[in-house]
Amino acid sequence: MTTSASVRWISTTQDEPWRELAARSLGDVRGMPSVFLQIDNPQQTMEGFGASFNELGWTSLAYLTDEDRDAVMRELFAPGTGLNLTRCRMPVGANDFSTDWYSYDETPRDLALEHFSIEHDHATLVPFIQAAQAHQPDLALWASPWSPPTWMKANGHYAGAKGSPIAAGVDNGIRDDQLGAEGTDMMRLDDEHLAAYAAYFGRFVDAYAELGIPITMVMPQNEFNSAQIFPSCTWTPEGLAAFVRHLGPEMARRGVDVFLGTLERADDGLVERVLADADAARWITGVGAQWAGKGAVPYLHRHHPELTIYQTEQECGDGRNDWRLARHAWFLMKHFLLHGATAYMYWNMSLLRGGVSRWGWAQNSLVVVDPETRSYEFTHEHHVLKHVSHFVAPGARRIPTLSYTGHENQLVFRNPDGSLVIVVQNDLAEEMPMSFLIDGRALEVTLPADSLNTLVVDA
């Protein structure tokens, strides 16, 4: 006997994205279910999904007609349409997908920030964000810098490294005596520079607020262990703690949260060393992790349940936008969300075909623009993200699952309206029958070979 609950089934394979399949209603249990849904044990509440506003995202979309560009933004942001992005990231000044290096104040020793200006952003980041807000008025933004202004740094340069094999032929002009190193502080740590840098954050938040773009959270540094050929700045945990003591009060006056991040080392001790400073810890409400930082997330989630956890950057790929990395993207999403992350961020929204940055690194994106034909296409990773973000609403609770037969390749959520969202991958090269036990009833499906699937069971 079947119930009246309806089931919607969307499936994506390498050759057939976003295909609607017929699903049977829930019925009687027949044998051992593949997966038990533990509905009575809800886990973290989801805040949302997002990506990053980068300059090269907007300059790539500029090749499109106004109509096509708006169609892309609608697919990314409009509620109920496509990705439903609601919580996104932006840089504070230049990052590795900016048109070139800049900060908001490059006047040496301008500790009073008399020359502070976000004028540069009016050509790219501001219209990009406003185009998103036109489709998603409730868009929430958080921000982090890749580098402080050069005069605030001990090396006087925006970068910390010379070229590498993945950035062959790129010369950023850094000298040997300016190179940075992991485990050192490239920032000047005297109180007058730290106070000026905290005020710099405050001026940034204020300037964007005046444009109707509220920043809800900041992180003090992107990848604080990595000296890069592009804008970067290494910090020790103790250096970060010293800065947070200044940054925290500046942000609290504006109602802006401070997270520690972005962590890209599998070492929760880096976070613990910051939290050991009680004067800094009082301002920190969350942690952001990406890349190898995924290795620290299970420990942070277990030992610091009071801290919100964000996944802050989807691993970037190589510009090929192939199916292999799309499958890896699902693995990453599953890892972070199974270990307490409440928000998941993709990286580049849009890039020109090939995805090469100003500093020579080719990366993937959700949208690829062909500058010759002035056309666009959505990538495999766009569909992977959409399989989760389109259906999982802000406020949804993650539902844990149990399997006695080795089925561990799924994520489950219960939306505020009571509907269940089951996202499951079949990584086999053949069809795979599966059954899900839901409140004593069974949902049976046969998943296509090498596919990602979303099953939505209504309330």
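Author: Let us begin with Tyr-404, which is found in the loop between β16 (401-402) and β17 (410-414); strands here are DSSP runs of E of at least two residues, numbered from the N terminus, as are helices (H or I, at least four residues). The model is a predicted one, in which local features need pLDDT of at least 70 and side-chain atom pairs count only at pLDDT 80 or more, while totals for chains, interfaces and linings use all residues. Residues are numbered from 1 along each chain as its sequence is written, and side-chain values use heavy atoms, with hydrogens and water left out.

Tyr-404 counts as exposed, because its relative accessibility is 57% and the term asks for over 50%, with buried meaning under 20% and partly exposed covering what lies in between (1.4 Å probe, protein chains only). Together with Met-32 and Leu-402, Tyr-404 makes a nonpolar surface patch of about 320 Å². Such patches take residues with over 30% relative accessible area and no salt bridge, joining nonpolar side chains (Val, Leu, Ile, Met, Phe, Trp, Tyr) within 5 Å and like charges within 9 Å; the areas come from the Shrake-Rupley method with a 1.4 Å probe, and for residues only the protein chains shown count as cover.

Six strands form an open sheet in the order β2-β1-β21-β18-β17-β15, with antiparallel pairing, where two strands pair if DSSP finds at least two bridges between them. Its edge strands are β2 and β15 (397-398), each of which pairs on one side only.

Strand β1 (residues 7-12) is largely enclosed by the rest of the structure, because five of its six residues are buried. On one hand, β1 pairs with strand β21 (residues 451-457) in the antiparallel sense over six bridges, and there Ile-10 has Thr-454 of β21 as its bridge partner.

The structure holds 24 salt bridges, a salt bridge being a side-chain nitrogen of Lys or Arg within 4 Å of a carboxyl oxygen of Asp or Glu. One of them is formed by Arg-30 with Glu-444, whose closest N and O atoms are 2.4 Å apart. Arg-30 lies in the loop between β2 and β3 (35-37) and Glu-444 in strand β20 (residues 441-447), so the pair ties together parts that are 414 residues apart in sequence. Arg-30 is itself exposed, with a relative accessible area of 59%.
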